[in-house]
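Subject: Structure handover

Hello,

Here is the structure I promised to pass on. Please open it first, then read my notes below.

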Amino acid sequence: MEKKRADIDDLLATFSSFIKENYPENGLFRENLGALLEAKKGRLSPESYVDSLERNVVFLQELIMEGEVFLDEVLETMNEGECALEDGAGPPLEALEKRVKESVKGAKHAEILAGGVEGILGELALLKKEDAPGYVAKLEFNYSYLMTLRMLLFELFNVIAEIRKEYVIDRIDEAAPAHIMNHVEMTANYFLGNISVGEVVEEKGGVDPHKAST
């Protein structure tokens, strides 16, 4: 069967529709994340709470970075039979998480955090030395952001795996990975209340391979 054709914006519109249909509205989403942090704080000592956040932030940051590399690979091959998502997104994503967990286990997360010179980890390394209360608040903020970004990025791979079964996706060029990640990051910031709905790319078009269900 000959596949239909769509483009990157159709892919993103389908992703946005899937998230809208399957995730709680942003206020409830933030409440759920806040409850998760409060539960963690309630069952751990202050020192263990900070250590847990540090471990999670480093793991999630490394996972997102590896996820972006994987996205490049997927986009390069998504219209071919040898795409990494040929058998669905589950197996490669599980392997990705396992590999990243291995890379940050034990004391490695502390080394990675201390060595941060830019971005999220760089800001945290500086705050840890200069502003202890601010450091904990920043850890909580980054934990929430990275956890949200991880969920959305993995959902994107699930959507791509479904779409590619029935569609050839056009306009995959060198700008496509950054364009897609920008959309995913804006969606994460919307769910966390960092930007308003008007700042998120509006849905238009979209495709319907069983509504890209995962």
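What pattern does the protein chain follow, read along the sequence? The answer is β-α-α-α-α-α-α-α-β-α. Bear in mind that this is a predicted model.

**The chain as a whole**

The protein chain has eight helices and two strands. It has 214 residues, and buried residues make up 46% of them. The accessible surface comes to about 11300 Å². Carbon and sulfur atoms hold 52% of that surface.

**How the helices pack**

Two packed helices are described by the angle between their axes and the distance between the axes.

Start with α3 and α7. Helix α3 covers residues 46–77, and helix α7 covers residues 132–163. Their axes are 9 Å apart, and the packing angle is about 30°. Angles under 35 degrees count as roughly parallel, so α3 is roughly parallel to α7. The crossing of these two helices is left-handed. By class, the residues of the contact of α3 with α7 divide into 22 nonpolar, four polar and three charged.

Next, α3 and α6. Helix α6 spans residues 119–130. The axes of α3 and α6 come within 11 Å and cross at roughly 155°. An angle over 145 degrees counts as roughly antiparallel, and α3 and α6 are therefore roughly antiparallel to each other. This crossing, too, is left-handed. On the α3 side, the contact uses Glu 54, Val 57, Val 58, Gln 61 and Glu 62. They meet Ile 120, Leu 121, Leu 124 and Lys 128 in α6. Sorted by class, that contact has five nonpolar, one polar and three charged residues.

Last, α7 and α8. Helix α8 runs over residues 176–191. It packs with α7 at an angle of about 130°, with the axes 9 Å apart. That makes α7 oblique to α8. Here the crossing is right-handed. From α7, the contact is made by Tyr 145, Thr 148, Leu 149, Leu 152, Leu 153 and Leu 156. From α8 come Ile 180, Met 181, Val 184, Glu 185, Thr 187, Ala 188, Asn 189 and Phe 191. By class, this contact has ten nonpolar, three polar and one charged residues.

**Residues to look up**

Ala 89. Where is Ala 89 placed? Look in the loop between α3 and α4, the latter being residues 90–104. Ala 89 has a relative accessible area of 3%. Buried means under 20%, so Ala 89 is buried. Leaving out residues up to four places away in sequence, Ala 89 touches Phe 157, Asn 158 and Ala 161. Ala 89 and Ile 160 are 71 residues apart in sequence. In space, their C-alpha atoms are 8.4 Å apart.

Glu 97. This residue sits in helix α4. Is Glu 97 buried or exposed? Its relative accessible area is 18%, so Glu 97 counts as buried. Glu 97 touches Phe 59, Leu 63, Arg 150 and Phe 154, again not counting residues up to four places away in sequence.

Arg 164. You will find Arg 164 in the loop between α7 and β2. At 5% relative accessibility, Arg 164 is buried. Which residues does Arg 164 touch, not counting residues up to four places away in sequence? They are Lys 3, Thr 77, Met 78, Glu 80, Gly 81, Cys 83, Leu 85 and Glu 86.

Arg 171. This one lies in the loop between β2 (167–170) and α8. Arg 171 has 48% relative accessibility, so it counts as partly exposed.

**Where to start**

Begin with α3 and α7, roughly parallel to each other. Then turn to Arg 164, buried in the loop between α7 and β2.

Best wishes

How values were computed:
Residues are numbered from 1 along each chain as its sequence is written. This is a predicted model: local features need pLDDT of at least 70, side-chain atom pairs count only at pLDDT 80 or more; totals for chains, interfaces and linings use all residues. Side-chain values use heavy atoms; hydrogens and water are left out. Helices (H or I, at least four residues) and strands (E, at least two) are DSSP runs, numbered from the N terminus. Buried means under 20% relative accessible area, exposed over 50%, partly exposed in between (1.4 Å probe, protein chains only). Accessible areas come from the Shrake-Rupley method with a 1.4 Å probe; for residues, only the protein chains shown count as cover. Contact means heavy atoms within 4.5 Å. Axes are lines fitted to C-alpha atoms, for helices over the stretch in contact, and angles run from 0 to 180 degrees between N-to-C directions. Angles under 35 degrees count as roughly parallel, over 145 as roughly antiparallel, 65 to 115 as roughly perpendicular and the rest as oblique. A crossing is left-handed if the near helix is turned anticlockwise from the far one by less than a right angle, and right-handed if clockwise. Ala, Val, Leu, Ile, Met, Phe, Trp, Tyr, Cys and Pro count as nonpolar, Asp, Glu, Lys and Arg as charged, and the others, Gly among them, as polar.
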